[in-house]
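Please keep the sequence and the coordinates at hand while reading.

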Amino acid sequence: MNNRPTSRFRRAAAVIAGLAAASVALSGCLYAMIPEQSSRPSTTNTPDTEGVAEDLLPFYSQELTWSECGVGFDCTDVTAPLDWENPGEGEITLAVVRHRAEGTAVGSLLMNPGGPGSSGVDLVKDSLDFAVGADIIENYDVVGFDPRGVGGSTAVTCYDAPQMDEYLYGIPAAPRGTAEWEAELLESHKAFAEACDANSAGILPHITTVNAARDMDLIRAVLGDKQLNYLGYSYGTFLGATYAKLYPEKAGRLVLDGAIDPAVPGLEVGATQALGFESALRAYMQNCLDSGDCPFNGTVDEAMADLGALLASVDSTPLKSGDGRLMGADSLMTGIIAALYSEGSWDYLTQALDEALQGDPSTAFLLADFYNGREDGVYIDNSAEAFRAYNCMDYPVEDDPAAEAATEAKIAEGAPTIAPYWTGPDSCSVWPYPPTGTRGEITAEGAGPILVIGTTNDPATPYEWSESLAAQLEEGVLITRVGEGHTGYNKGNSCVDDAVEAFLLDDVVPEDGLRCE
């Protein structure tokens, strides 16, 4: 699919598909209802400024002003340096929400739902009991924040809604795979990048995971916590591991669920994800065929071939929706991938494919829109824009035609259904600023035990990445959830949930290699 490439093959998950779509119904209420509790006064602790450099003291010593923003919730803004290397050169704002512990708080638990580009504020405010279990809600102040560039924080801004529609859903005029097609897409990426630079008030060079990790330490400190307790999903695992690398002495109880391997280069990331989604698609197809209510017939291989034929047909003759939009194969693939994050969304995928075979893209558009953060013609977040900004700064440019050809061959062989819609020109090659990130193992020496959760058939963050990150970390502890879907905690597996909550609440470190069927 070419709607959000960050290199020729690299694809990472935005929050809406990567987390919320994984377990929340796509029709009706998209978010879990938060149980009501009595309103209580907001509280502010003394900032932790121990060992802080003098030029950072104005930030670390700031006292927060909280305002109630829902029953049991309060909100505030934290001021952070625009450039952590030059803290006097400007400021940004970080949006923060806190759900106060329903019992006696043992401290704060900071959360990141993934992306990059996902809103932690929205996760905590709208989906608290989806994000964490009841015992965590009882005993922790659960804190969500929007990383720099995201949502309610100082945000990356690129296009208005009609422009985003064209960028994410537009159908190229040139035939797929031709030089003209490549040039057309690259020009589209260039125009998008220029708009981001023009409309984001100079923040693009500073939208990096390293800077976001430094922001997390600032949030920890102004909350008054001596150490960071943290739960990160998907991309949030990379953010959490980066924090542990930068601040091992401040790393408290860290849980990294659905890990990204920080040592894997962009080309390999894209290939591994393509194979992961193909595997998940095959698992879905077997389930569909077994259900007796599947629009496909025969063996899994035969059904996958028929799905490939459907995609090719939509590629040549896009489907028109009731709102006048045309759905091409790339957008149909976006909808398919959105539904593969959780078994709970597989019924929607069956409905979408059944309708598409009859020429109706309505449910497929619902899935694709959910992935892209689009609702009723409006983009409810800036996840697509922040996603590009982070990845283009975090991943080194790779310009090795031989390696690209080998990767393309690997994807074509291992993910034949997905492959035609996975590749495209490198959008980051036209980003206005060179990347500053590096790829390499993270050991986080001195950070103490860190839990890493991997799900065996996770399509977005394949299990092998969790195995690798747990092995890299000096005190990494791997928990394996055997099953389908993205991430493992609070997904109905009591073995995983009990281990995570015993660690967060009682500092009980599970046995490394715990396997949860």
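How many of the 5 residues of β5 are buried? The count is 5 of the 5, so β5 is largely enclosed by the rest of the structure, where buried means under 20% relative accessible area, exposed means over 50% and partly exposed lies in between, with a 1.4 Å probe and protein chains only. The model is a predicted one, in which local features need pLDDT of at least 70 and side-chain atom pairs count only at pLDDT 80 or more, whereas totals for chains, interfaces and linings use all residues. Residues are numbered from 1 along each chain as its sequence is written, and side-chain values use heavy atoms, with hydrogens and water left out.

**The sheet**

- An open sheet of mixed pairing is formed by 10 strands in the order β1-β2-β3-β5-β4-β6-β7-β12-β13-β14; helices (H or I, at least four residues) and strands (E, at least two) are DSSP runs numbered from the N terminus, and two strands pair if DSSP finds at least two bridges between them.
- The edges are taken by β1 (67-68) and β14 (514-516), each of which has a single partner strand, so one side of each is left without a neighbour in the sheet.
- Helix α17 (residues 494-506) lies across β4, β7 (251-257), β12 (450-457), β13 (476-484) and β14, and runs at about 165° to β7; contact here means heavy atoms within 4.5 Å, while axes are lines fitted to C-alpha atoms, for helices over the stretch in contact, with angles from 0 to 180 degrees between N-to-C directions.

**Strand β5 and its partners**

- Strands β4 (residues 108-112) and β5 (residues 141-145) run parallel and are joined by 4 bridges; S108 has D141 as its bridge partner, and L110 is partnered by V143.
- Strand β3 (residues 91-99) runs antiparallel to β5, again with 4 bridges, with V96 standing opposite F145 and V97 bridged to G144.
- Of the 9 residues of β3, 7 are buried, which leaves this strand mostly covered, and 9 bridges join β3 to β2 in an antiparallel arrangement.

**Two buried phenylalanines**

- F73 belongs to strand β2 (residues 73-81), where its bridge partner in β3 is H99; at 4% relative accessibility, F73 counts as buried.

- By class, the contact of α9 with α15 has 6 nonpolar, 3 polar and 3 charged residues; Ala, Val, Leu, Ile, Met, Phe, Trp, Tyr, Cys and Pro count as nonpolar, Asp, Glu, Lys and Arg as charged, and the others, Gly among them, as polar.
- Helix α12 (residues 346-357) and helix α13 (residues 362-372) pack at an angle of about 135° with their axes 7 Å apart, and are therefore oblique to each other.
- Y348, L349, Q351, A352 and E355 in α12 meet S362, T363, A364 and L367 in α13, a contact with 5 nonpolar, 3 polar and 1 charged residues.

**Nonpolar cores**

- In the largest nonpolar core, of 120 residues, Y284, M285, L307, I336, L340 and W431 touch the most other members; such a core is a set of buried Ala, Val, Leu, Ile, Met, Phe, Trp, Tyr and Cys residues joined through side-chain atoms within 4.5 Å.
- Beyond its neighbours within four places in sequence, W431 is in contact with F192, A193, C196, L204, R388, A389, C392 and M393.
- A second, separate core has 32 residues, including V124, A131, L231 and C516.

Key: Angles under 35 degrees count as roughly parallel, over 145 as roughly antiparallel, 65 to 115 as roughly perpendicular and the rest as oblique.
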